[in-house]
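Take a look at the chain below.

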Amino acid sequence: MKPIIEFKDYTFKYRSQVDPTLYNINLAVYPGEKVLIVGPSGSGKSTLAHCINGLVPFSFPGESTGELQVGGEDPSRAGIFGMSKLVGTVLQDTDGQFIGLTVAEDIAFALENDCVPQDEIFSKVDEVAEIVDVKNLLKHAPTELSGGQKQRVSMAGVMIDDVDVLLFDEPLANLDPATGKKAIDLIDKISRTTGKTVLIIEHRLEDALYRDVDRIVVVGEGRIVADMTPDELLCTDILQKEGIREPLYITALKHAGCQITADTRPQHIETMDLAPYREKVQAWYKEAQLPPPRPGKQSALEVLDL
Ligand SMILES: Nc1ncnc2c1ncn2[C@@H]1O[C@H](COP(=O)(O)OP(=O)(O)OP(=O)(O)O)[C@@H](O)[C@H]1O
Ligand SMILES: [Mg+2]
């Protein structure tokens, strides 16, 4: 299969910067894949997204070398408008993205731009509003919504476009853990039901992994330092080295001296095979001489069935 996004030896430098922000990027994403991009603040994740949607170089000028194609187009030739037919982006800060006076107008904007007939617009807006659960908000002004509601409206806006690639840049920023879970669920639903290619940029790894992803790409100082499955990545020390917080249960197991292996499927604690780690954790627990649990409470070991 041909990749829908392909970077080949791609280097990019913002005009206002002395050094490149992205170095020698080689990355292929295939149609329908769901890829998580993680990396510390300032590592170049949003820049990578901007190269894909054409904001680089049209809104953020700079020079690139190497090759990049997205849906068969070179974003630096196709322009922002050209790329908007292929890539839908939900940005870190959703406020600047609203155009309409009401939520409904905002969601419909792309269609009105494309001269779609009125009744078709109404039914499509209704359909996506239902999926992202904002049907009761359609008459509200986007500015009077909560952070989580704004984000769902942004998601509806990109879903209504007939684009092949969806880019979510820090979808969990400004959301509390429960709302964040809903957002990850929603992205998962969009990915599974539409078959679109989905890229999620996020530094809250444990939250983002709440639903399966096919691959994790780790960006560090403008370079791709890992591109592997979550199960493979969680066995390495790459996340620690890059300063990204790994899931707490992984840190705890490593702390107890366990060598995590991919065959125990560490991506989700609920489905992970903990049996191979039992002995080490029990020994560590004994040595740590932790106080016994309070009467009627389970110890951490019992909770984890270790
Ligand atoms: N428009 C711009 N013009 C010039 N330099 C920029 C621009 N946007 C980002 N940079 C620089 O590029 C580097 C990477 O920024 P980028 O926004 O891609 O990081 P990030 O990984 O998305 O970080 P965060 O997790 O904080 O969002 C930073 O050093 C930043 O100063
Ligand atoms: Mg960013």
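In which sense do strand 3 and strand 8 pair, and over how many bridges? They pair in the parallel sense, over four bridges. Keep in mind that this is a predicted model. Strand 3 covers residues 34-38.

Now turn to strand 9, residues 223-228. Strand 8 and strand 9 run antiparallel, joined by five bridges. Here glycine 220 stands opposite arginine 223.

How covered is strand 8 itself? Six of its six residues, 215-220, are buried. In a regular strand, side chains alternate between the two faces of the sheet. So check each face in turn. Arg215, Val217 and Val219 are buried on one side. Ile216, Val218 and Gly220 are buried on the other. Both faces are covered.

Step back to the whole chain. Domain 1 spans 5-238, and domain 2 takes 248-290 + 298-303. Their C-alpha centres lie 35 Å apart. Where they touch, 12 residues of domain 1 are in contact with 12 residues of domain 2. The area buried between them is about 890 Å², and carbon and sulfur atoms give 49% of it. On the domain 1 side, Asp231, Leu234 and Cys235 supply 57% of the area buried against domain 2, more than any other three residues.

What kinds of polar links cross this interface? Six residue pairs are in polar contact. The rule finds zero salt bridges. Helix 9, residues 230-233, gives the most to the domain 1 side, with three residues.

Technical notes. Residues are numbered from 1 along each chain as its sequence is written. Chains are lettered from A and ligands numbered from 1 in the order in which they are written. This is a predicted model: local features need pLDDT of at least 70, side-chain atom pairs count only at pLDDT 80 or more; totals for chains, interfaces and linings use all residues. Side-chain values use heavy atoms; hydrogens and water are left out. Buried means under 20% relative accessible area, exposed over 50%, partly exposed in between (1.4 Å probe, protein chains only). Helices (H or I, at least four residues) and strands (E, at least two) are DSSP runs, numbered from the N terminus. Two strands pair if DSSP finds at least two bridges between them. Domain bounds come from an automatic or database domain assignment. Contact means heavy atoms within 4.5 Å. Buried area is the accessible area (1.4 Å probe) that two parts lose on being put together, summed over both. A salt bridge is a side-chain nitrogen of Lys or Arg within 4 Å of a carboxyl oxygen of Asp or Glu. A polar contact is a pair of N or O atoms within 3.5 Å; within protein, one must be able to donate a hydrogen and the other to accept it, and residues adjacent in sequence count only if both atoms are side-chain atoms.
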